[in-house]
Amino acid sequence: MLNGALIGCGFFAQNQLRAWAEAGDAGIVALCDRDAARLAATAARFGIARTYDDAAEMLARERPDFVDIATTVASHVPLVTLAARAGVPVICQKPFTETLPEAAELVETCRRAGVKLMVHENFRWQAPIRAVRRVLDEGEIGQPFWARIAFRSAYDVYAGQPYLAEGSRFIIQDLGIHLLDVARFLFGEVTTLAARTQRVNPRIAGEDVATMMLGHAAGVTTVVDCSYASAQERELFPQSLIEIDGARGTLRLGADYELVVHADGATRRETVAPDEARWGPAPWHGIQHSVFDIQEHFIACLRGGREPETSGADNLRTLALVEAAYLSAQRGGAPVDPAAL
Ligand code: NAD
Ligand code: 89V
């Protein structure tokens, strides 16, 4: 059994702790938060007796097998550095850091300390997205040449995560980052990115709409578009809709996780929804199972001495896409080469 410690008992940590409670051979034995009320409530909810208001003290006393950092981005640099110095393998929530140089430095710090580092970039672990990747890997639609990854919603994210309304950066840094990572997961590295952003909701500080066009080294063109200002007849939060056109046919991941593959003149349909009874309540069941899967993956990597799919080093390339998107938007949509950042 691997004993973990978790830092940050806020909104999303509750999902992570639910998943840890279901893990077979790992669990969280100590919690830390500077907010005493959140710490106490979370400790009581999950029956975790050992609690701390100081992360350094927790790592020194508990000497955990790993630490799960579930705080917001501003605290990631000091907390990951702390874990590296303590020699404790670390999972860090997305967005990993606010800037690329900070992220590169953390990756290097962990490498030098010999500490495994995974960014909790979980969207690529969603069952429907894994199903899409299987269709591509099996060559069912042939060589893909065009794709769209869309997330359009009017779900009130600010109710659970009020800080999302406050930063000068919003949808690309918070949500677009997941979709850009999915684009990399499906089609590989990106050589050019052009973006346009908009702010529709006047009560928030950052952009709540982003439209990005990616050119992948493998030749695919991907449109990644996201919005938290799009009220539709049916609210599909937190579903990502995916369209892919390939040389032999097309794939559509539509509403309610319906996957339609049309190839060589024949069509097949499949529902690739996560099990609501197990991962609910809705709509977060769409995300919850991916939290369980990425945490299981981290434990398997720890035990097997493998690099996690979304290691810190891998995540540098996703963060570069985020930076490229903001830079392109600032330059009026001019294409940016993420590798040059
Ligand atoms: P939150 O503000 O609700 O919770 C963060 C908690 O961390 C707070 O309770 C705060 O007191 C605590 N904290 C901050 N700095 C600390 C420190 N140095 N030591 C101890 N405690 C500290 O935030 P949240 O909504 O839970 O988001 C946390 C992170 O999770 C964010 O980076 C967010 O982007 C990410 N997130 C990811 C997903 C996903 O699907 N991967 C979904 C939602 C949020
Ligand atoms: O997944 C996330 O990072 C969340 C949300 C889906 C609400 O954008 O912040």
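This report describes the surroundings of two ligands in a predicted model.

## Ground rules

Residues are numbered from 1 along each chain as its sequence is written, while chains are lettered from A and ligands numbered from 1 in the order in which they are written. Local features of this predicted model need pLDDT of at least 70, side-chain atom pairs count only at pLDDT 80 or more, and totals for chains, interfaces and linings use all residues; side-chain values use heavy atoms, with hydrogens and water left out.

## Ligand 1

Ligand 1 has 25 residues around it, each with a heavy atom within 4 Å. Phe12, Asp33, Arg38, Asn122 and Tyr163 come nearest. The shell holds 9 nonpolar, 10 polar and 6 charged residues. Here Ala, Val, Leu, Ile, Met, Phe, Trp, Tyr, Cys and Pro count as nonpolar, Asp, Glu, Lys and Arg as charged, and the others, Gly among them, as polar. Domain 1 (2–115) and domain 2 (124–292 + 318–340) each supply at least three shell residues. These bounds come from an automatic or database domain assignment.

Asp33 places a polar side-chain atom 2.6 Å from a ligand 1 oxygen. Phe12 uses a polar backbone atom instead, 2.8 Å from an oxygen of ligand 1. Taken alone, ligand 1 exposes 860 Å², and the protein buries 89% of that (Shrake-Rupley method, 1.4 Å probe).

## Ligand 2

Lys94, Phe123, Val157, Gln161, Asp174, His178 and Tyr228 surround ligand 2. By class, 3 are nonpolar, 2 polar and 2 charged.

Side chains reach oxygen atoms of this ligand. A polar atom of Lys94 lies 2.6 Å from one. For Gln161 the distance is 3.0 Å. For His178, an N or O side-chain atom is 2.9 Å away. On its own, ligand 2 has 270 Å² of accessible area, and the protein covers 93% of it.

Notes:
A polar contact is a pair of N or O atoms within 3.5 Å; within protein, one must be able to donate a hydrogen and the other to accept it, and residues adjacent in sequence count only if both atoms are side-chain atoms.
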